[in-house]
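Here is a friendly walk through one protein model and its ligand.

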Amino acid sequence: MAELKPPVEPFRIKVVEPIRPVPRKEREALLRQSGYNVFSLPAEKVTIDLLTDSGTSAMSDDQWAGLMKGDESYAGCKNFYHLEKSVQTIFGFTHVIPTHQGRAAERILFGALVKKGDCVPNNIHFDTTRANVEFLEAQAVNLAPPAAYDPDGAHPFKGDMDVAKLKKFIEAKGVKKIPLVMMTVTNNSGGGQPVSLKNIKAVSQVCAHHEIPFFLDACRFAENAYFIKKRENGYAKKSVLEIAQEMFSYADGATMSGKKDALVNIGGFVTFDDDGLAEKVKNLLIISEGFTTYGGLAGRDLEAMARGLNEALDEDYLEHRIAQVAYLGGLLDQAGIPVFKPFGGHAVYVLADRFLPHIPRAQYPGWALTVALYREFGIRAVEIGGVMFGQKTGKGKKEVYPELEMVRLAIPRRVYTASHLQAVAEALIELHKNRDKVRGLRIVRESPFLRHFTARLEEI
Ligand SMILES: Cc1ncc(COP(=O)(O)O)c(C=O)c1O
């Protein structure tokens, strides 16, 4: 087996934040206090935090310098115009409406378009898009092809939507019930897998034919564009910016969590061309987020996002980012840890039901793995499985589990070095050797929406 080379970080470290180890006994007590939910742990008590790549990026010296250029005027601050220009250049839409983060963009867009009884198709909805659709008493529908749920196949674009399923779905439901179609790039809930330009174009044509607006959930648009450059025929010589521009050229708009590919700790926006829709969305924005030129953000946050959007398209940065994920994934794969392949853009996804075959789905093996990782090694990861996406349906309210039971090891942008990733791989390999000791859990308290954030559990 070829030895995996650690990717060389394309940056020097100018500011450091200490990591303090926490004794196992304390971690055990913290787990009990938190109801065995790693979302409830104090971050200071985590050694390596792979809970999410969202809002956890290290900003560049240029972004930090930009914070000092924050114009905190209530209306029309110069940073808004900078952000508007960056978004218009990359995304190509006229209206740029800032929000405090991605889910706020979803909420105001859906608030303007979706009504009770509607359906919103997506390749696979992320938890917040699903919750925002369901909150409006509409149905969030996943239309990914079988390849998306096959963690072993070599398909280069497992994030694609199943176009035949989409056509059938539109015919069955009727255009009037479908206020928009969304597509998540890359597909976070499906292993961080990219979507091909061919597929974006095909979905766009179906939507255009039926006059249904087509929006991209664009949090990780730069990572998706990089995969297109590397994997799709005809794009090797195009810049990532050109590819991103082409992706958006087939859509009617996009929602964006800047906390991912805008390399900021807070921020988001929604962008599109439709003037009528802009009026409705801006009304909702003003009620809950803020005035149209700041949308719940400080001027300095807008500036950091304007700069970060361009940095995320830097191809040296992207090469390292994708290589980091492949490095961690490769170390695990070589050691026989079951992982979703090929590796995606922002995280390695461990197949928890294969890692812990003795724990039934009803006892949440993914969740159990996140608890064990923290207890034994102080590493925090997130379950993307039965607790996050389990749904109680039918008369007996029997729980139905998602196809994949995974634990996501999300890699924050520009934060951890190759030796951190090596330590994570060693921890998982050690845990795998002692997997029989890991126990399943039951939920003792949960909320009706996004239960994983606040649920309390106990070990069985
Ligand atoms: C695909 C996807 N869409 C939407 C969101 C929501 O963004 P935010 O956390 O900024 O509200 C996320 C966040 O993780 C995401 O991964």
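The report below starts at the ligand and then moves out to loops, helices and backbone geometry. Please keep in mind that this is a predicted model.

**Around the ligand**

Which residues come nearest to the ligand? Of the 15 residues around it, these are R103, N188, D217, S257 and K260. By class, the shell divides into 2 nonpolar, 7 polar and 6 charged residues. Helix α4, residues 102-113, supplies the largest share of that shell, with 3 residues.

| Side chain | Ligand atom | Distance |
|---|---|---|
| Q101 | oxygen | 2.8 Å |
| D217 | nitrogen | 2.8 Å |
| R220 | oxygen | 2.9 Å |

Taken alone, the ligand exposes 390 Å², and the protein buries 97% of that area.

H346 sits in the loop between α12 (315-334) and β9 (347-351). Is H346 buried or exposed? Its relative accessibility is 0%, so H346 counts as buried. The side chain of H346 makes a polar contact of 2.9 Å with the side chain of N188, and another, at 3.5 Å, with the side chain of R220. N188 is one of the residues that come nearest to the ligand, while R220 has a side-chain N or O atom 2.9 Å from a ligand oxygen.

**P194 and its neighbours**

The loop between β5 (181-184) and α7 (197-210) holds P194. With a relative accessible area of 0%, P194 is buried. Which residues does P194 touch? Leaving aside those up to four places away in sequence, P194 is in contact with P156, F157, K158, G159, D160, T186, N224, F227 and R231. One of these, F157, is 37 residues away from P194 in sequence, yet their C-alpha atoms are 5.3 Å apart.

T186, another neighbour of P194, lies in the loop between β5 and α7 as well.

Helix α6 covers residues 163-173, and its buried residues are V163, L166, F169 and I170. Seen down the axis of α6, these buried residues fall within an arc of 120 degrees, so they line one face of the helix.

At the start of α6, a side-chain oxygen of D162 comes to within 3.2 Å of the backbone nitrogen of A164. Just after α6, G174 has a positive phi of about 90 degrees.

**Helix α8, enclosed**

How many of the 11 residues of helix α8 (residues 221-231) are buried? The number is 9, so α8 is largely enclosed by the rest of the structure. The buried residues are F221, A222, E223, N224, A225, Y226, F227, I228 and K229. They pack against α3 (78-91), α7, α9 (240-249), β7 (253-257), α11 (299-311) and α12. N224 and F227 are also among the residues that P194 touches.

**Backbone geometry to check**

Most residues other than glycine have a negative phi, and most peptide bonds are trans. A few places in this model depart from that pattern.

The peptide bond joining V185 and T186 is cis, with omega at about -20 degrees. A cis bond also runs from K341 to P342, where omega is near -10 degrees. P342 is located in the loop between α12 and β9, the loop in which H346 is found.

Y364 is not a glycine, but its phi is positive, near 55 degrees. Y364 lies between α13 (352-355) and α14 (365-377), in a loop, and is buried, with a relative accessible area of 5%. R414 likewise has a positive phi, near 60 degrees. R414 belongs to the loop between β14 (406-410) and α16 (418-433). Its relative accessible area is 19%, and under 20% counts as buried, so R414 is buried.

Conventions. Residues numbered from 1 in each chain as written. Predicted model: local features only at pLDDT ≥ 70, side-chain atom pairs only at ≥ 80, totals over all residues. Heavy atoms only, no water. Near = heavy atom within 4 Å. Polar contact = N/O pair within 3.5 Å; in protein donor to acceptor, adjacent residues only side chain to side chain. Areas by Shrake-Rupley, 256 points an atom, 1.4 Å probe, with all protein chains shown as cover. Helix = DSSP H or I, 4+ residues; strand = E, 2+ residues; numbered from the N terminus. Nonpolar A, V, L, I, M, F, W, Y, C, P; charged D, E, K, R; others polar. Buried < 20%, exposed > 50% of the residue type's maximum accessible area, 1.4 Å probe, protein only. Contact = heavy atoms within 4.5 Å. Arc of directions from axis to C-beta.
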